[in-house]
Amino acid sequence: DEMVPTLIEHPSWLKPVATVFNFIETYPGYRERDVSPVFYVFLVLFYGMIIGDAGYGLVFLSIFGAVHLIKGAKVPKLPMMLMYVFNAAAVVWGALTGAWFGIDIDGTVFEQIAVISADNPKDQMALMMIICFTIGGVQMSIAHLWNFVCKINSLKAISEIGWLMTLWAAYFLAMNVIAGVEYPSFMTYVGGAGILLSLIFSGDLTNV
């Protein structure tokens, strides 16, 4: 039970996220998983969605670029890279959703880029709910698949498949109730089977 120090070496693309973990002083233990790759991808996505405007993203990029140009080597490299990535994500997300300082982009080239948008606010809200639920489903699926791989030598791994089946049955049910998406009838059986697998293979009797 000693606090064994953990050496973590990240590839170049992943090093900027170390800034976040250093700031909150959270690091994986010796026997814990390093979640930074998945964390980084979704953190960048969520930042882009929260800013949600390509115009503001460009403004922030310009500000950080100017500071970087003026201060040069005095600017901490990794935090600055993180800000570049964050605000580039804001530009991409804003462009895909057609958000440019709240300006009407109908009839412009920006409208052709906006593939994540709808003609009226109600449809846009439903579309964003679908996207958010899907992101959540993907996040949780990654977690269960990761647990499945870690438990592959145990029958408990089957419980993770059960949770995965239950998750996506709940996803389609939520999509139907909240966003009006048609619910596939076979998902009822998938969800039921998933609950059974989760209950049967999650207990101590399967610790083999």
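Author: Let's start with Leu-82, which touches Pro-16, Val-17, Thr-19, Val-20 and Tyr-40, leaving aside residues up to four places away in sequence; contact here means heavy atoms within 4.5 Å. This is a predicted model, where local features need pLDDT of at least 70, side-chain atom pairs count only at pLDDT 80 or more, and totals for chains, interfaces and linings use all residues. Residues are numbered from 1 along each chain as its sequence is written, and side-chain values use heavy atoms, with hydrogens and water left out.

Reader: Which residues make up the largest nonpolar core?

Author: In soluble globular proteins, nonpolar side chains tend to be buried together. A nonpolar core is a set of buried Ala, Val, Leu, Ile, Met, Phe, Trp, Tyr and Cys residues joined through side-chain atoms within 4.5 Å, with buried meaning under 20% relative accessible area (1.4 Å probe, protein chains only). Here the largest one has 9 residues: Leu-14, Val-17, Val-20, Phe-21, Tyr-40, Val-44, Leu-82, Phe-86 and Ala-89. Helix α4 gives the most, with 3 residues; helices are DSSP runs (H or I, at least four residues), numbered from the N terminus.

Reader: Which residues are buried in α6?

Author: An α-helix has 3.6 residues a turn, so residues three or four places apart point the same way. In α6, the buried ones are Gln-124, Met-128, Ile-131, Ile-135, Gly-137, Ser-141, His-144 and Asn-147.

Reader: And what do the buried residues of α6 pack against?

Author: They pack against α2 (36-51), α4 (77-97) and α7 (156-179).

Methods
Buried means under 20% relative accessible area, exposed over 50%, partly exposed in between (1.4 Å probe, protein chains only). Helices (H or I, at least four residues) and strands (E, at least two) are DSSP runs, numbered from the N terminus.
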